[in-house]
Amino acid sequence: MCGIIGYVGGDEVVPVLLDGLRRLEYRGYDSAGMAVLEGGAVRVLRAAGKLANLEQRAYQEPLHGTVGLGHTRWATHGAPTEANAHPQTDAAGSVAVVHNGILENYAALRAELAAAGCRLRSDTDTELIAQLLGAAAGSLLERVLATLPRLVGQYAVVAVRREEPDTVVAFRNGPPLVVGLGDGENLVASDVTALLHRTRRVLFLENGDVAVVRRDGVRVVRGDGSAAARPVEVLDWDAARAEKGGYRHFMLKEIHEQPDAIRNTVLAYLDTARHGVNLEGLGLAPDELARLRRLHLVACGTSWHAALVGKFMIEELTGLPVEVDYASEYRYRRPLIGDDLLVVGITQSGETADTLAAMELARDGGAQLATICNSRGSSAWRLARSRLLTQAGPEIGVASTKAFTTQLVALLSMALGLREALGRADHRDAELVAELQRLPLALEQALAIDPARYELGCELLSGSADSLYLGRGILYPIALEGALKLKEISYLHAEGYPAGEMKHGPIALLQEGFPVVAVVPDGPSRDKLLGNLMEVRARGAAVLAVTAGDGADLAHVADLVLPVPRVDPLLQPVVAVLPLQLLAYQVAVALGLDVDQPRNLAKSVTVE
Ligand code: F6R
């Protein structure tokens, strides 16, 4: 969702900005723009639609300078038109502003500015910030400090002013901003992936920080003007991990990176010498553990599916009851929060607005707060006291794949860690640790399925406007996740359902050739699910089955079997989701769709 890049240095700024914006494209956007300080003026170029349109404009109307801002906008206030694209400027054309987030006092500010005779040229809340900065007095920093109390809501803003051609000022409340410290240049961005190719030395701005970024240094102050020291961190992500590396799409690359991502995540948590989990990351004190009676897992989208799997893992291994909530529901439903509760915010980006709000609610209610997160330094990371970092590396494809499977591994590790700390460990723990260590190999085997095997599945799914994904038990969330993957990137409707519920309504959908994807469990519920599939077949629908082992017993109920290696049932979801990711990918490719940047979606949902 919206991307920001700002640059002050010695290089021509337009290629730097376009390059940064290209690296932010994955976040999802519908217009783009940039502002360059050129010869005592602020020059702005904007274009609706894809970045290529802005590049075309930059080619036709070249801008030159070494200081500037760029933005990709995901429309909130106002349609995705050129007029509403960022940067927005003040009436005098002196100040240019890019902005991620939403101003909640938009209507009041707009009315006030209009009453004061200001002719607004866009529908955006961002223009209001530019106008307020333009109307204030003093340096850009002084103007920002004077304007901050007027802004209510969520914002990450970066601004330039023509009278200060060596300065970029950045400030935030909500959406993230990170400053990159380069060699003879400094940058600011909404996301580290925009900086990685120029520097790995960064400092993360806190809410309420204002950073004055110049070529020779960066100064951070608080809203009252007092100095703030922010630690410089060196990121261990390398730029190559945010490139396609020979794959046709980021999503395909990221699907194939899962064995390594899981290996790295497992290595980060396991104490192999004693066949246990290293609980340091969770960091709960003995008295906190003694008080712990229950857990709430809060998340959105794919991360919520991980939470559903986590409930099975944690309840089975610790005996503690777990509730799973959509963060957007949790924050408004008055959950029962207390100091006997551990709330875990599961979020790949660490910036999802609803998840952060749910976590804040839990913290304010006195619960212990943990996060499973793929982004060190993100808002969720800084909010939680206990943190488990997933080692997926940058995930660029909008449809989450490797972030999801590493979340599952983190959840199992968390369950094992809690189990040990609660004194419940037994021989099963060492077995699960060994399984975790074998898991990357199982994933490699699952990914080695001959792509030709997917052809029939791809044909059936792409030829039908609807499909049903069925699962049971710990594999039911995998059915939900498979359906979500298909919806997101192929725009075909798919519904995930617990197989036992099919009779209670969705069975009415079944007819000749209707595709039903089943994630078939081992154990007692296998026969139950096979019974459900017989009912599907009896109505002429087509069955695609993902199963552990060779699936010989499915031959009479399935049109296509996608076999995956058999692992411990608690880890089977990690393996079973892979064919569903690949299936969704192949359907989207077959339909000629933009796999990495599906329509309307944003990688990081920083607004409610
Ligand atoms: C789906 C997907 C989204 C995210 C959701 C939460 O492929 O990526 O459903 O899972 O927006 O995002 P995070 O995990 O960053 O909080």
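1. A word on the model. It is predicted, with local features needing pLDDT of at least 70 and side-chain atom pairs counting only at pLDDT 80 or more, while totals for chains, interfaces and linings use all residues. Residues are numbered from 1 along each chain as its sequence is written, and side-chain values use heavy atoms, leaving out hydrogens and water.

2. Next, look at T347 and Q348. An oxygen atom of the ligand is 2.7 Å from an N or O atom in the T347 side chain, and an oxygen atom of the ligand is 2.7 Å from a polar backbone atom of Q348.

3. Around the ligand there are 14 residues, of which S303, T347, Q348, S349 and T352 come nearest (near is having a heavy atom within 4 Å). This shell has four nonpolar, eight polar and two charged residues, with Gly counted as polar and Cys as nonpolar.

4. Which helix gives the most to the shell around the ligand? That is α9, with three residues; α9 (301-318) and α16 (476-490) each supply at least two (helices are DSSP runs of H or I, at least four residues).

Notes: A polar contact is a pair of N or O atoms within 3.5 Å; within protein, one must be able to donate a hydrogen and the other to accept it, and residues adjacent in sequence count only if both atoms are side-chain atoms.
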